[in-house]
Amino acid sequence: MFNFEYYAPTRVIFGRDAEQRTGALLRELGVSRVLIHYGRGSAVKSGLLDRVSASLDGAGIAHTSLGGVVPNPRVSKVREGAQLARQFGAELILAVGGGSVIDSSKAIGYAVAEPEHDVWEIYDRKRAPKACLPVACVLTIAAAGSEMSNSSVITNEDTGEKRGYRSDLCRPKLAIMNPELTATLPPYQTAAGCTDILMHTLERYFTQGGNMELTDQIAGGLMRTVMKNALILRDDPANYDARAEVMWASSLSHNDLTGLGANGMDFASHGLEHELGGMFDVTHGAGLSAVWPSWARYVYRDCLPRFVKFARDVMGVEPGASDEETALQGIAALEDFFRSIHMPVTLRELGVEPTEEQILAMAASFAGSAGGKKGTAKELYEADMAAIYRMAL
Ligand code: NZQ
Ligand code: ZN
């Protein structure tokens, strides 16, 4: 097992009616002025925003709000939110929504804390943030894991760049998670969310070396639980227990727990998806399932023991005539799972058909933002990235 540091400071409030406690919980944090940030309307339509506002009123917390966050959240909305938060004197940004709203809130937190700089410089790797206004969230979709992660992903609509940034400064102080709130999700978003959850553990699983018995058991248990409950939700979207399992998995899959002791993280599939998100505005989880099978078939020989272990322990594949055959069967089994929850496994199925010029542009942009190479299962360079996009067509 490799050395590691584990930091998961977010206070989690989980279960039915959890959002009713929002005001009291923020009071405990000593907060009296809040910017509520939300998306394009689902939280308004469901009445959640009203319930959260009432809870803040009940606790004597002054609040203003800003909606309109879109999936692949835009830096222009972040700048707007930062200006409003400063004018209002907000002491905390309360995200009511999913990964996009939470990430936009984290970025607003960075922007408010250092008003003398433009916030995009952080995502563009021009400077590191020194501070972030506290963020809390009422989660409405199990997917990105932003509720406990140190990451935020923002898109610059002027340049078409989608860029993530990791810093413990932005980890939410509080994550309020009521699985019932996810029952209004369209089936496609539920499935894309389950895919993203799986992927956050997969990105930590395919690494080189390390003997991680406990971490592998946690990772395997998480992935099997997510696959089982994704199928339950496909057929019975109102199933509370399945919603709850998946929601808790979303947090644990991306708060680093499932990769502790590993020799780094891969995250190449995420990098490939981020370029697709920036160029074509695709749903994150669906973009991941569209590239993962091609990524896996491109890299598995360089990480064969882990692919064999994955096939056997996670996908329940019987060992084949050779390790290569077992590994390929494991990849095919996960691909079949993606199909079974109606997720795309090629770019065409995702609804995008990049030209050769666009493929080269995405590969150059990914390689450039990653400092030339990405991946631990196999180090990928620009030409490898382009080859995987071509395979995924
Ligand atoms: O905008 P509204 O109307 O709220 O609709 C949203 C949106 O259209 C809808 N939705 C959310 N909760 C709902 C609901 N509809 C009905 N009922 C509900 N309860 O779902 C759609 C997707 O929402 P979004 O927040 O975009 O989903 P997700 O949580 O998957 O977040 C995706 C974003 O997170 C980034 C992705 O790249 C993408 O930009 N990621 C963030 C990470 C992080 N910060 O740690 C890690 C991830 O790997 C990921 O990259
Ligand atoms: Zn993700």
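Predicted model: local features only at pLDDT ≥ 70, side-chain atom pairs only at ≥ 80, totals over all residues.
Q: Which residues coordinate the zinc ion (ligand 2)?
A: D196 through OD, and H200, H270 and H284, each through NE2. The distances run from 2.0 to 2.2 Å.

Q: What spacing do the donors follow along the chain?
A: The pattern is D-x3-H-x69-H-x13-H.

Q: Where do H200 and H284 lie?
A: H200 is in helix 7 (residues 187-205), and H284 is in helix 11 (residues 284-299). The pair therefore ties together parts that are 84 residues apart in sequence.

Q: Is that pair buried or exposed?
A: H200 is buried. H284 is buried too.

Q: Switching to cysteines. How many disulfides are there?
A: The count is zero.

Q: Why does C194 count as buried?
A: Because its relative accessibility is 1%. Buried means under 20%.

Q: And what about C303?
A: C303 is at 1% relative accessibility, so C303 counts as buried.

Q: Now H274. Where is its place?
A: In helix 10 (residues 268-280).

Q: Buried or exposed?
A: H274 counts as buried, at 13% relative accessibility.

Q: Which residues is H274 in contact with, leaving aside neighbours within four places in sequence?
A: V153, K162 and H284. H284 is also one of the residues that coordinate the zinc ion (ligand 2).

Definitions and conventions. Residues numbered from 1 in each chain as written. Chains lettered and ligands numbered in written order. Heavy atoms only, no water. Donors = N, O, S within 2.8 Å, 3.2 Å for Na, K, Ca; no water. Helix = DSSP H or I, 4+ residues; strand = E, 2+ residues; numbered from the N terminus. Buried < 20%, exposed > 50% of the residue type's maximum accessible area, 1.4 Å probe, protein only. Disulfide = S-S within 2.5 Å. Contact = heavy atoms within 4.5 Å.
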